[in-house]
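The following note sets out points for a colleague to consider alongside the coordinates. Please read them with the structure displayed.

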Amino acid sequence: MTKFKKDVKEYGIACYVSESVMKECEGKIKKTTDFLGGILKDVITVYLEGIRSPRKLDTTKVSNDDLHRIKEAFLTVNQTAREFDLITDPFQAVEEWIVEKLEREIAKPKGITLDEFVTSLTATILDEINKLQSDFERIVELEADYITKSNQTPDPQVTQILIQNGIHQPDANHISVVASHQKNIGEKAIFLTFDYKSILLKWDRIRRVSNIICCDPIYGLSHLR
Amino acid sequence: MNGEKMSVSSIEYPSSALRYALLNVKPVPFEEIVKIRGIKFLKKGIRYEPEKQFDKIEDFVTFRYGQIFSRMPIPESFSAEYIFNHFVSNTIKKIEEDKELKDELEKKEKSLLGFVDFIQKRFENDMHAYYMSEADRFLRSNLPLSFFAQTSMFINTYQKYLSLVKRIVRRYEILSSLGGVRDRLRSHEQQLNLMKKVLAPLIDGMDLFCIDALSLKLYVTIWSAENIEEIENPKFLDINKLEPSYFQEYLTNYSIQLKNIRKLIFQMSRKYDPEIFKKEVVSGNSETTMLSKLLSSNL
């Protein structure tokens with residue numbers, strides 16, 4: 001992002017975010033938070049307590065054995081949902097984080113209880129999510145960085161064409177705001193995203209049917225010159 | 001485990017304390033004899049005294065809970081009067097037992113900045129415990145974690161608020177000490193009035209936010225309580241015991257006030273300290289790495 005931010009400053013590029021993108025981002029943060037909440041409460045707590053012979057989390061200290069319980073939890077629960085693609089699997093990302101945290105606690109001479117461990121994991125998540133929400137608010141809602149909120153709405157005709165050409169409806173809405181912007185403001189506009197899977201790999205098709213250019217921010221300047 | 005740390009009433013008094021200590025004071029000159037190495041010196045200075053008789057912190061507490069409970073439904077099995085008295089007396093008791101705060105309120109007669117600094121340091125020292133308390137409430141509930149992420153934004157917001165208040169008070173203290181000795185009282189009066197003018201909308205905004213934060217917390221807490229002994233700290237926070245329309249109303253009011261106060265802090269921080277709204281997520285730590293993976297995955 002550093003290169004693009006430099007371009008914005010140097011060439012005075014106006015950057016906008018549409019309401020549909022803002023809503024999607026807020027939804028993603030909420031979904032991620034609840035996903036983590038579900039893992040902490042319904043998976044980690046349950047497996048650390050033990051299914052066959054439950055133990056008290058507020059009196060049991062963390063130990064190496066708990067790492068095996070975590071391993072079992074992640075192997076068993078939601079196995080069908082796991083993609084087993086270690087780069088994109090959300091469970092793997094959480095598993096690695098929890099194991100790292102637990103190992104750090106086990107290594108400390110004065111061990112904490114499992115109850116304290118799970119509470120502290122949850123507290124860390126709340127703190128981090130708050131920081132993320134605050135950064136998002138600063139950049140988007142309060143327009144404190146280089147992005148301005150766009151008041152343009154999606155162009156229904158362009159949205160329809162994009163959907164007919166295999167673009168997911170939410171993405172079609174995001175992209176078609178560029179068409180509204182060009183039409184109503186009369187400025188050349190492009191759509192910048194890091195979403196390779198659903199948008200950038202289909203950029204050529206999108207351009208052909210809607211005349212809208214979608215690209216990675218590092219190429220933004222090249223399309224605006 | 002940590003349920004007590006940020007119990008419902010502890011949201012209450014830092015906000016009232018700032019109103020009491022910063023908005024309802026006037027500067028008065030004082031003279032005292034101080035001894036330095038056995039030699040007597042006459043020390044002249046300015047101290048701050050409460051402006052009006054009414055403004056006792058206890059009055060604010062009673063007024064605040066009155067505002068909250070006048071519109072809150074209470075379960076039939078509980079007495080509304082008992083609950084009101086319980087929270088008022090409990091909060092006043094906590095303030096009375098808070099010797100550290102009392103001492104600082106007395107010291108504030110000498111320096112308003114010192115008082116704000118004390119409130120800020122104490123809050124920041126307790127921030128981890130506040131997050132632990134919210135985490136504990138989540139683990140003892142069937143409410144989603146996103147709800148607690150929303151309520152814990154109070155902590156993030158209050159931290160920013162205190163940084164801003166401190167900046168404003170600091171500016172006032174510097175400016176008021178710039179005048180000559182003869183005009184010192186006048187200079188203090190003028191600067192204090194200017195400071196109050198700047199701080200008043202901020203403290204008012206925070207008070208409104210505190211009311212809605214406290215209302216939401218109390219609504220969830222009281223309605224989850226199995227019996228009267230649990231009204232301050234129920235064993236389990238149960239979403240099924242909440243009336244959806246009331247819960248939604250309290251949550252919406254809280255979210256509106258949260259947005260309002262953060263916007264106000266942001267706008268004022270641009271003049272007094274733009275660093276208050278700086279980037280908070282630290283790239284490269286294990287939490288950020290995990291969260292960025294989750295946010296870019298198809299959950």
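**Note on the two-chain model**

1. Interface. Chain B places 34 residues in contact with 40 residues of chain A, two residues being in contact if their C-beta atoms, placed from the backbone, lie within 7 Å. On the side of chain B that touches chain A, the elements giving two or more residues are helix 5 (112–139), helix 6 (145–151), helix 7 (153–176), helix 9 (244–272) and helix 10 (286–295) of chain B. Helix 5 of chain B provides the largest share of this side, eight residues. By class, this side of chain B has 19 nonpolar, seven polar and eight charged residues; here Ala, Val, Leu, Ile, Met, Phe, Trp, Tyr, Cys and Pro count as nonpolar, Asp, Glu, Lys and Arg as charged, and the others, Gly among them, as polar.

2. Basis of the model. This is a predicted model, in which local features need pLDDT of at least 70 and side-chain atom pairs count only at pLDDT 80 or more, while totals for chains, interfaces and linings use all residues. Residues are numbered from 1 along each chain as its sequence is written, and chains are lettered from A and ligands numbered from 1 in the order in which they are written.

3. Nonpolar cores. The largest nonpolar core has 93 residues, and those with the most contacts inside it are A:I44, A:V94, A:V118, A:L126, B:V165 and B:V169. Such a core is a set of buried Ala, Val, Leu, Ile, Met, Phe, Trp, Tyr and Cys residues joined through C-beta atoms within 7 Å; a residue is buried if 20 or more other C-beta atoms lie within 10 Å of its own, exposed if 12 or fewer, and partly exposed in between, with C-beta atoms placed from the backbone. Helix 8 (residues 184–224) of chain B gives the largest share of this core, 15 residues. A second, separate core of 17 residues includes A:A179, A:I190, A:I212 and A:I213.

4. A:L126. Not counting residues up to four places away in sequence, A:L126 touches B:Y131, B:E134, B:A135, B:F148, B:A149 and B:S152.

5. Helix pairing in chain A. The axes of helix 2 (residues 19–49) and helix 5 (residues 114–141) of chain A come within 11 Å and cross at roughly 175°; axes are lines fitted to C-alpha atoms, for helices over the stretch in contact, and angles run from 0 to 180 degrees between N-to-C directions. Helix 2 and helix 5 of chain A are therefore roughly antiparallel to each other, a term used for angles over 145 degrees. The residues of this contact divide into 15 nonpolar, four polar and no charged.

6. Chain B. There are ten helices and two strands in chain B, where helices (H or I, at least four residues) and strands (E, at least two) are DSSP runs, numbered from the N terminus. Of its 299 residues, 35% count as buried.

7. B:L23. B:L23 lies in helix 1 (residues 12–23) of chain B and is partly exposed, with 16 other C-beta atoms within 10 Å. B:L23 and B:L199 are 176 residues apart in sequence and 7.7 Å apart in space, C-alpha to C-alpha.

8. Backbone check. Most residues other than glycine have a negative phi. A:E143, in the loop between helix 5 and strand 2 (147–149) of chain A, has a positive phi near 50°. A:N211 has a positive phi near 65° and is exposed, with 11 other C-beta atoms within 10 Å.

Notes:
Angles under 35 degrees count as roughly parallel, over 145 as roughly antiparallel, 65 to 115 as roughly perpendicular and the rest as oblique.
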